[in-house]
Amino acid sequence: MSSPTFSIIVPVHNVEGFVKKTLLSVKNQTLSPNEVIIINDGSKDNSINIIKKFKKLKGWKIFQTKNQGLGLTRNFGISLAKSEYIYFLDSDDIIEKDFLYKIRKLVKKYNKPDMILFSGKTFSLSKKKYKKINLKFTIKGQFFKRDKLLTKLVSKKETLPQVSRYVTKKKLWTINKLKFPRGIAEDESVFFPLIALSKNTVVDTQSYFRYQINRPGSISMDLVKSVHALDYLNRIYFTLDFMKLNYD
């Protein structure tokens, strides 16, 4: 079996106080990614100058777009990626030092699965108390298409569709023509289809990722707007339509 290749896609938008730590967590991996795609999505702060300090690293590529939002920026990243596997890392979060090393071991152990799910932890730079989010998977092992992994995850309430808690084959996206939608809750549109369409899925209970919460300026801290409700409704319709078209 040939060695798997990995692309890490990092969308960036107005995160000058956080993006350096995120990119350092990628740079300091014990196993370097084959490709790092950083997309500056119309930042108006100093993010681009921080990003440029990493441009000479081998395999690191920087792109700039007009602000189009997280989902469409990730889609652009998918179109650019050259590796067999892709991973999305938000620009204020962190991956553990041995993340890619451990993922590569899982890829080899389970004969190049379509998708690998893993646990995460939360952290906050704010002194305010916050409600912790459960990013832990308790299910572990290899699951094939008829093993009802989705049903198992739903029954345990472990279906938080966070994009940085899984690695996928690029082909899983391209062959099935899956894309993130515009707007918020974009990861909810692709999480269920990805698992449902994956023929070989691995779930690992170890935590390889740290998710920042309570960050000022983050989408999750934004005030609720009517357009958000419409986005969520559209995500529900998308999931229902997918279930009807892919009943099995």
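Predicted model: local features only at pLDDT ≥ 70, side-chain atom pairs only at ≥ 80, totals over all residues.

User: Where is Pro161 found, and is Pro161 buried or exposed?

Analyst: Buried means under 20% relative accessible area, exposed over 50%, and partly exposed in between (1.4 Å probe, protein chains only). Helices (H or I, at least four residues) and strands (E, at least two) are DSSP runs, numbered from the N terminus. Pro161 is found in the loop between helix H5 (149–155) and strand S8 (166–169). With a relative accessible area of 13%, Pro161 is buried. Its C-alpha atom is separated by 15 Å from that of Thr201, 40 residues apart along the chain.

User: Which residues does Arg235 touch, not counting residues up to four places away in sequence?

Analyst: Arg235 touches Pro181, Arg182, Gly183, Ile184, Ala185, Glu186 and Ser189. This arginine lies in helix H8 (residues 226–245) and is buried, with a relative accessible area of 5%.

User: What is the relative accessible area of Phe76?

Analyst: The value for Phe76 is 28%, so the residue is partly exposed. Phe76 has its place in helix H3 (residues 70–80). Beyond residues up to four places away in sequence, Phe76 touches Ile39, Phe63, Thr65 and Gln68. From Lys56, Phe76 is 20 residues apart in sequence and 22 Å apart in space, C-alpha to C-alpha.

User: How many residues does the largest nonpolar core have?

Analyst: A nonpolar core is a set of buried Ala, Val, Leu, Ile, Met, Phe, Trp, Tyr and Cys residues joined through side-chain atoms within 4.5 Å. The largest one here has 35 residues, and those with the most contacts inside it are Tyr87, Phe99, Ile103 and Phe118. Elements that each supply at least two residues of this core include strand S1 (6–12), strand S4 (85–88), helix H4 (99–109) and strand S6 (115–123). The largest share, five residues, comes from H4. Ile103 touches Phe6, Ile116, Phe118, Val167 and Tyr208, not counting residues up to four places away in sequence. A second, separate core of 28 residues includes Phe143, Leu153, Leu178 and Phe191.

User: Why do the buried residues of H1 line one face of the helix?

Analyst: In H1, Val19, Thr22, Leu23, Ser25 and Val26 are buried. Seen down the helix axis, these buried residues fall within an arc of 150°, so they line one face. The arc is that of the directions from the helix axis to the C-beta atoms. On the other side of H1, Lys20 and Lys21 are exposed. The buried residues of H1 pack against S1, S2, H2, strand S3 (60–65) and strand S5 (94–95).

User: Which strands does S4 pair with, and how do they run?

Analyst: Two strands pair if DSSP finds at least two bridges between them. Four bridges join S1 to S4, which run parallel, and Ile9 stands opposite Phe88 in S4. S4 and S8 run antiparallel and are joined by two bridges; the bridge partner of Ile86 in S8 is Thr168, and Tyr85 stands opposite Lys169. Both faces of S4 are covered, with Tyr85 and Tyr87 on one side, Ile86 and Phe88 on the other, and all of them buried.

User: What joins S6 to S8?

Analyst: Three bridges join S6 to S8, and these strands run antiparallel. Leu117 stands opposite Tyr166 in S8. Tyr166 and Thr168 point one way from S8 and Val167 and Lys169 the other way, and all are buried.

User: Which residues do ring pairs link into a cluster?

Analyst: A pair of aromatic rings is described by the distance of the centres and the angle of the planes. Rings of Phe, Tyr and Trp (its six-membered ring) pair if their centres lie within 6.5 Å; planes under 30 degrees apart count as stacked, over 60 as edge-to-face and the rest as tilted. A search of the whole structure finds 14 aromatic pairs, and ring pairs link Tyr87, Phe99, Phe118 and Tyr208 into a cluster.

Conventions:
Residues numbered from 1 in each chain as written. Heavy atoms only, no water. Contact = heavy atoms within 4.5 Å.
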